[in-house]
Amino acid sequence: MNSKPAKTLIRCPWATNGLSIRYHDEEWGLPTHDDATLFEFLILEGAQAGLSWDTILKKRENYRAAFDRFDPKRIACYDRRKIQSLMNDAGIIRNRLKIASAIQNAKAFLKVRDEFGSFDAYIWQFTGRSPIVNSRRSMNQVPARTPESDAMSKDLKKHGFSFVGTTICYAFMQAVGMVNDHLTSCFRYAKLRTAKHGRQRAL
């Protein structure tokens with residue numbers, strides 16, 4: 001008896017290796033409302049600036065260990081000795097400005113959380129508190145920035161955050177599911193398109 005061949009899943013073309021495929025299939029574009037996860041992505045997206053996301057994925061577990069599992073209260077208290085320790089850690093991106101930014105952003109994150117009740121309540125306001133569902137057919141249609149990421153970047157800077165330019169903000173929005181930028185041919189697109197409160201936006 002012949003068995004039917006397994007159906008090949010179609011993914012966004014950037015998912016090309018084990019780490020990126022797992023990230024694509026399980027995390028990227030999934031609406032996220034957990035403050036701890038949102039903070040982790042905010043720090044990782046800032047660290048990624050000028051580098052490939054694959055580089056960050058490979059170092060992600062090292063980052064979790066080096067930055068106290070992304071605990072903002074702990075990171076906000078990092079001193080010169082800790083900064084030097086991080087600069088000596090080959091498991092992360094050893095960029096002094098990015099490390100200083102993580103500390104600054106932890107402090108700003110705590111202030112925003114106190115002001116709005118949660119970081120989630122603050123950050124999701126930039127998409128009307130629901131995911132923006134796009135309909136991209138090719139990677140050429142995916143922008144580097146949008147009016148929403150422009151507004152987010154401006155407001156984050158106003159609240160004391162750094163390494164939050166509009167391009168970084170849009171990558172963050174894609175990662176945490178504030179926008180669904182899976183290509184329409186990707187198997188994850190349809191699954192995430194029905195995410196609660198999703199709304200369609202024409203190209």
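1. Let's start with a word you'll need a lot: a residue is called buried if its relative accessible area is under 20%, exposed if that area is over 50%, and partly exposed in between, using a 1.4 Å probe and protein chains only. Arg64 is a handy test case, because at a relative accessible area of 19% Arg64 counts as buried. Keep in mind that this is a predicted model, in which local features need pLDDT of at least 70 and side-chain atom pairs count only at pLDDT 80 or more, while totals for chains, interfaces and linings use all residues. Residues are numbered from 1 along each chain as its sequence is written, and side-chain values use heavy atoms, with hydrogens and water left out.

2. Where does Arg64 sit? Its place is in helix α3. (Helices are DSSP runs of H or I with at least four residues, strands are runs of E with at least two, and both are numbered from the N terminus.) If you skip residues up to four places away in sequence, Arg64 touches Glu40, Arg69 and Phe70; contact here means heavy atoms within 4.5 Å.

3. Now for the rings. A pair of aromatic rings is described by the distance of the centres and the angle of the planes. Rings of Phe, Tyr and Trp (its six-membered ring) pair if their centres lie within 6.5 Å, and the planes make them stacked if under 30 degrees apart, edge-to-face if over 60, and tilted for the rest. The structure holds 13 aromatic pairs. Take Trp14 and Tyr23: their ring centres are 6.2 Å apart and their planes stand at 55°, so this pair is tilted.

4. With Phe41, Tyr23 forms another tilted pair, 6.3 Å centre to centre and with 40° between the planes. Tyr23 lies in helix α1 (residues 18-26) and Phe41 in helix α2 (residues 35-48), so the pair ties together parts that are 18 residues apart in sequence. Are Tyr23 and Phe41 buried or exposed? Both Tyr23 and Phe41 are buried, with Tyr23 at a relative accessible area of 3%. Trp14, on the other hand, is partly exposed at 26%.

5. Phe39, Phe109, Phe116, Phe119, Tyr122, Phe126 and Phe161 form one aromatic cluster. Elsewhere, Lys82 lies over the face of Tyr78, 5.0 Å from the ring centre. (A charge sits over a ring if NZ of Lys or CZ of Arg is within 6 Å of the ring centre and within 35 degrees of the ring normal.)

6. On a 1 Å grid over the protein atoms alone, a pocket is an open set of points with protein on both sides within 12 Å along at least five of seven lines, a cavity is a set where a 1.4 Å probe fits but cannot get out, and lining residues have an atom within 4 Å of a point. Grid points are joined across faces, edges and corners, and a volume is the space filled by probe spheres set on the points. The largest pocket holds about 420 Å³. Of its 18 lining residues, Trp14, Trp28, Trp53, Ala171 and Gln174 lie nearest the centre. Helix α9 (166-175) is among the elements that supply at least two lining residues, and α9 gives the most, with five.

7. The second largest pocket has a volume of about 220 Å³. What is the class make-up? The lining has three nonpolar, no polar and seven charged residues. (Ala, Val, Leu, Ile, Met, Phe, Trp, Tyr, Cys and Pro count as nonpolar, Asp, Glu, Lys and Arg as charged, and the others, Gly among them, as polar.)

8. Finally, the cavity. A search of the whole structure finds one of 30 Å³ or more; the largest cavity has a volume of about 90 Å³. Ile43, Gly46, Ala47, Lys98 and Ala102 lie nearest its centre, out of 14 lining residues. Helix α6 (96-116) supplies at least two lining residues, as does α2, and α6 gives the most, with five.

9. Ala47 is placed in helix α2 and is buried, with a relative accessible area of 4%. Leaving aside neighbours within four places in sequence, Ala47 is in contact with Ile56, Tyr63, Ile93 and Lys98.
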